[in-house]
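Please look over the model below before reading my notes. The points follow in numbered order.

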Amino acid sequence: MTVSTHPRTGVSGPAGRPSGLRAVLTQRMRSGKLGTLPIVGALVVIWVVFQVLNPHFLSSDNLVNLTLQCAATGVIALGIVLVLLVGQIDLSVGSVSGLAAAVVAIGSVQLGWPTLLAIVVALGVGAVVGLLYGALTTRLGLPSFVLTLAGLLVFAGLQLRVLGPTGSVNLPFRSTLVRLSQQGFLAPAASSTIVAAVVLGYAAMLMIERARRLRAELPVASAVDLAVRVGALAVVLGSAVAYLNTNRGVGVTFALFVGLVAVVDLLLRRTRWGRAVRAVGGNVESARRAGIPVRRTLVSVFVACSTLAALGGVLSVGRLAAANQATGAGDTNLTAIAAAVIGGTSLFGGRGSAWSALLGVLVIQSISSGLTLLNLDTSVRYVITGLVLALAIAIDTLIRRAREV
């Protein structure tokens, strides 16, 4: 039997026939390009296991709480995804988020600032921190690991200084930020409209991309494949939103987080900046020789990471209605980094997606929520999360070695 390559799909198979989904999956497995499928599969397994152990796990009430818990950590993890994509790291995101939370609390409660002004100042602090990191890394060649480790200590100290002798500041429950974080939910009609807009936008993007590749006489996916993708997205988003709407609905903070993920994903895939980020993460020297502004790209990524960390602190202080010495401390750094890596972002740079932050934080928070329902203590959560992280790093290393062969 002769084998040929389909002129439009580019998939090899028997003469005149594309080999279909099985061949695509086989090819991706061999090349290590399965994308988010392993993470999605792991998330499904985690949910099934915890549902069997406790039938309340997949209740709409628990899932609403789970999504609310994902927002702050997820936003911080999104920034970690960006720095990992360029082959760098930021170990101070927890301290920066804690400092931002302290600025919001002190500004709005003790200094009498409007809430919006306090939030803007906190985000500005995050941007300045990122600018400092970027300048020191690109101008002096300081390794980001050591630099941000020092920043972790510096900004943790500044957080304590800002909070003052009491070490804790409570926000009034009438505060707009607190009400939005704790009680803000999208109306069912609004969430359904957003889902419809996302699905239509995704379909339009796929069709435009397909038409562009056809004009360039490049291989394209079949119309059936595009329809399956759009249909799957519609089913997943529609059913998830409908189920959450049987309870309190989709939280405003979680919707903000998902929206940020979508925007960052669009920037990474469709803009010159996104291509520069991936090029720098793939090979700095090659990117420099290709004329890519490496320094500017690195600085922009550090600024984005620290600003997102500050936003995570703002969301955290709103959800807890307080800022104290524990805000941003403890396992915040490790959880955010673990979420990015578990979600599929490579520690070696150049490979990953903004959606890694969403998938990774869902995995970590699902483990935490499930163990809480089983009345197991924090030590078990640390052990299981660490094992999952070790597995994700092992898979990442194996994929990298396979690509180098």
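**Notes on pockets, packing and confidence**

1. The second largest pocket holds about 630 Å³ of space. Of its 24 lining residues, Gln-69, Thr-73, Ser-316, Thr-332 and Gln-365 are the closest to the centre. A pocket is an open set of points on a 1 Å grid over the protein atoms alone, where a 1.4 Å probe fits, with protein on both sides within 12 Å along at least five of seven lines; lining residues have an atom within 4 Å of a point. Points are joined across faces, edges and corners, and a volume is the space filled by probe spheres set on them.

2. This is a predicted model: local features need pLDDT of at least 70, side-chain atom pairs count only at pLDDT 80 or more, and totals for chains, interfaces and linings use all residues. Residues are numbered from 1 along each chain as its sequence is written, and side-chain values use heavy atoms, without hydrogens and water.

3. Mean pLDDT (the predictor's confidence in each residue, from 0 to 100) is 87 for the chain, and 90% of residues reach 70 or more. Treat residues 1–21 separately: pLDDT stays under 50 there, and the model has 34 contacts (heavy atoms within 4.5 Å) beyond four places in sequence for them.

4. Which helices each supply at least two residues to the lining of the second largest pocket? They are helix 3 (60–85), helix 13 (294–320), helix 14 (332–342) and helix 15 (355–373). Helices are DSSP runs (H or I, at least four residues), numbered from the N terminus. Helix 13 gives the most, with 6 residues. By class, the lining has 8 nonpolar, 13 polar and 3 charged residues. Nonpolar means Ala, Val, Leu, Ile, Met, Phe, Trp, Tyr, Cys and Pro; charged means Asp, Glu, Lys and Arg; the others, Gly among them, are polar.

5. Helix 13 also meets helix 11 (residues 272–282): their axes come within 10 Å and cross at roughly 100°. The two helices are therefore roughly perpendicular (65 to 115 degrees). Trp-273, Ala-276, Val-277 and Val-280 in helix 11 touch Val-294, Thr-297, Leu-298, Ser-300 and Val-301 in helix 13. This contact has 7 nonpolar, 2 polar and no charged residues.

6. There is 1 cavity of 30 Å³ or more; a cavity is a set of points where the probe fits but cannot get out. The largest cavity holds about 40 Å³. Leu-68, Ala-71, Ala-72, Ser-181, Thr-253, Leu-315 and Arg-319 line the largest cavity. Helix 3 gives the largest share of this lining, 3 residues.

Notes: Axes fitted to C-alpha atoms, helices over the stretch in contact; angles between N-to-C directions. Parallel < 35°, antiparallel > 145°, perpendicular 65-115°, else oblique.
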